[in-house]
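Please keep the sequence and the model in view while reading.

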Amino acid sequence: MWFSWMLLLASLAMPTTSSKTREWAHHGAAMFADLTPKEMNAVRDYLHSCSELGLTSARDKSLKKNSILLMELHVPRKHEALRALDRGQAKPSRQARVVVQFGNQAVPNVTEYVVSPLPFPKSYQVKTFKGERPIRFESRPISIVEYEHLNKVLEKVGAKANKILQESTGFTYGNCSNRCLTFSDIAPRGLAPEERRTWIMLQKFVEGYFIHPVGFEVLVNHKDLDHEKWTVDKVWYNGQYFDSVEELVEKYEKGTINKLKLPEHDEEDLFSTYIPRGHMNTQTNIHGAKLVEPQGRRFQVDGNFVEYAGWSFAYRVRSSAGLQIFDLRFNGERIAYEIALQEAIAFYSGDTPAAMQTKYIDAGWAMGTSDYELSPGIDCPEVAHFVDLYHYYDTDKPVRYRNALCIFEMTTALPLRRHFNSNFQGGFNFYGGLENHVLVIRTTSTVYNYDYIWDFVFYQNGVMESRVSATGYIHATFFTENGLNYGTRVYNYVLGNLHTHLIHYKVDLDIA
């Protein structure tokens with residue numbers, strides 16, 4: 001009798017405990033929510049009111065200025081967060097991480113601050129790092145204003161070299177109408193400390209211009225904060241180096257160099273377009289298979305808190321990095337405190353100067369802010385739950401990214417488990433199977449030519465998967481015979497360069 005009463009009490013207590021665990025997880029999820037536009041504006045106004053910082057607009061045309069580069073959530077310390085998540089205690093006050101570029105002072109630098117409390121900030125403190133080494137100003141990310149000044153340098157290059165470009169490619173830079181050139185810049189911007197020199201390659205400005213290099217690259221020295229003092233240190237044309245644009249023009253006119261002549265550009269047969277060409281075996285006037293939810297959704301979303309089939313977690317999309325999840329639980333038990341995308345890196349090889357120096361570290365391009373609008377039916381199913389995101393990067397106000405995150409349940413079209421037990425007499429003893437559904441939370445990052453599709457996938461059996469799919473365009477350079485040592489010829493004057501992708505996650509497991 002005593003044992004029966006204990007079982008009854010235990011069964012009554014279990015829902016209460018589970019309910020409390022769920023309540024605390026839901027209560028704490030807001031700690032990891034991205035900054036709201038209201039919070040971003042409050043932080044901006046507060047820092048601009050601090051006269052000692054001397055902040056001005058990020059879009060001011062001068063490079064010699066102090067301005068906010070990036071603003072995002074400063075995640076609370078884990079031990080403070082756990083008090084709210086595991087005991088239901090008060091959440092720590094929200095804070096913002098702010099990156100400020102100080103260009104208008106004796107020693108220009110990049111400084112990070114922690115601003116608090118939100119939504120009504122009244123203090124800031126410098127965020128220090130191990131070793132307390134300062135961040136060199138030359139190492140700062142490139143801004144829209146700096147790109148505008150680089151474009152003016154290239155227009156000056158075009159004014160001197162457009163005859164060569166016209167004869168070699170059929171396109172010109174700057175002074176053009178429908179046959180214009182654009183550019184791609186690479187990183188790192190230098191090979192030694194204190195350098196800020198960027199190799200820039202020209203490309204035909206057509207759909208998919210990433211794979212239309214024209215064999216013309218320039219090395220621009222843009223370290224000086226006075227953009228009028230920027231210089232072109234090297235020119236690369238058709239496999240040959242020159243110390244200046246003037247030297248190239250002089251030798252081209254004298255006919256003492258190997259001249260380039262690309263095939264005639266055919267606008268009717270643009271190999272880089274996404275418009276389908278040729279015969280299609282699939283009937284395009286009939287819809288393919290679609291995902292449906294016959295009786296509505298089986299997952300719940302409340303702010304940044306998600307629940308599905310025993311799973312619960314909080315999410316954020318960090319402006320500098322991308323999709324991250326926190327307090328991941330299955331059946332009420334925490335599996336991980338944090339599983340967070342941190343970085344995507346691509347190391348390239350090549351024969352042209354731009355190719356051989358390309359080492360992209362995408363957080364330096366604010367990878368998280370390149371999560372543009374998702375297309376229903378292509379990027380995510382039409383039935384998906386779409387979420388708008390807000391970022392504050394190289395701007396003076398929060399920018400809305402419409403439908404930049406989606407959450408949906410889908411079938412994998414493969415049973416999670418099944419067994420057909422034959423009786424070996426034309427029949428069977430039994431059959432058992434379990435349909436396999438998963439929950440997916442997805443964003444994308446279009447970091448220039450690449451489109452990364454970031455997924456976290458949650459299975460009903462307690463398995464969680466992180467997945468990245470790469471699409472978009474390759475980062476291609478101009479073809480040279482020696483370039484075959486570093487890649488594959490993908491068009492008559494285009495080289496697809498060998499490269500390596502590295503994807504970094506922070507995984508903080510909290511099992512048992």
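In this predicted model, the largest nonpolar core has 65 residues, and those that touch the most other members are Leu-202, Phe-216, Val-218, Tyr-237 and Leu-248. The element that gives the most to this core is helix α4, which spans residues 144-169 and supplies 8 residues. In soluble globular proteins, nonpolar side chains tend to be buried together.

Another core, of 23 residues, lies apart from the largest one; among its members are Val-306, Tyr-308, Ile-441 and Phe-458.

Across the whole structure, a search finds 30 aromatic pairs. In one of them, the ring centres of Phe-210 and Tyr-448 are 5.1 Å apart; because their planes stand at 85°, and an angle over 60 degrees counts as edge-to-face, this pair is edge-to-face. Phe-210 belongs to the loop between β7 (197-204) and β8 (213-221), whereas Tyr-448 belongs to the loop between β21 (437-447) and β22 (450-459), so the pair ties together parts that are 238 residues apart in sequence.

Are these two residues buried or exposed? Phe-210 has a relative accessible area of 11% and is therefore buried, the limit being under 20%. Tyr-448, at 33% relative accessibility, counts as partly exposed. Both residues also belong to a cluster linked by ring pairs, together with Phe-205, Tyr-209, Tyr-274 and Tyr-473.

Finally, the protein may be viewed as a whole. It has 6 helices and 27 strands, and its C-alpha atoms fill a box of roughly 105 × 75 × 40 Å along the principal axes. Of its 512 residues, 46% count as buried. Among contacts between residues at least 6 apart in sequence, 58% join residues at least 24 apart. The accessible surface of the protein comes to about 26100 Å², and 53% of this surface belongs to carbon and sulfur atoms.

Terms used:
Residues numbered from 1 in each chain as written. Predicted model: local features only at pLDDT ≥ 70, side-chain atom pairs only at ≥ 80, totals over all residues. Heavy atoms only, no water. Phe/Tyr/Trp six-rings, centres within 6.5 Å; stacked < 30°, edge-to-face > 60°. Helix = DSSP H or I, 4+ residues; strand = E, 2+ residues; numbered from the N terminus. Buried < 20%, exposed > 50% of the residue type's maximum accessible area, 1.4 Å probe, protein only. Core = buried A, V, L, I, M, F, W, Y, C linked by side-chain atoms within 4.5 Å. Contact = heavy atoms within 4.5 Å. Areas by Shrake-Rupley, 256 points an atom, 1.4 Å probe, with all protein chains shown as cover.
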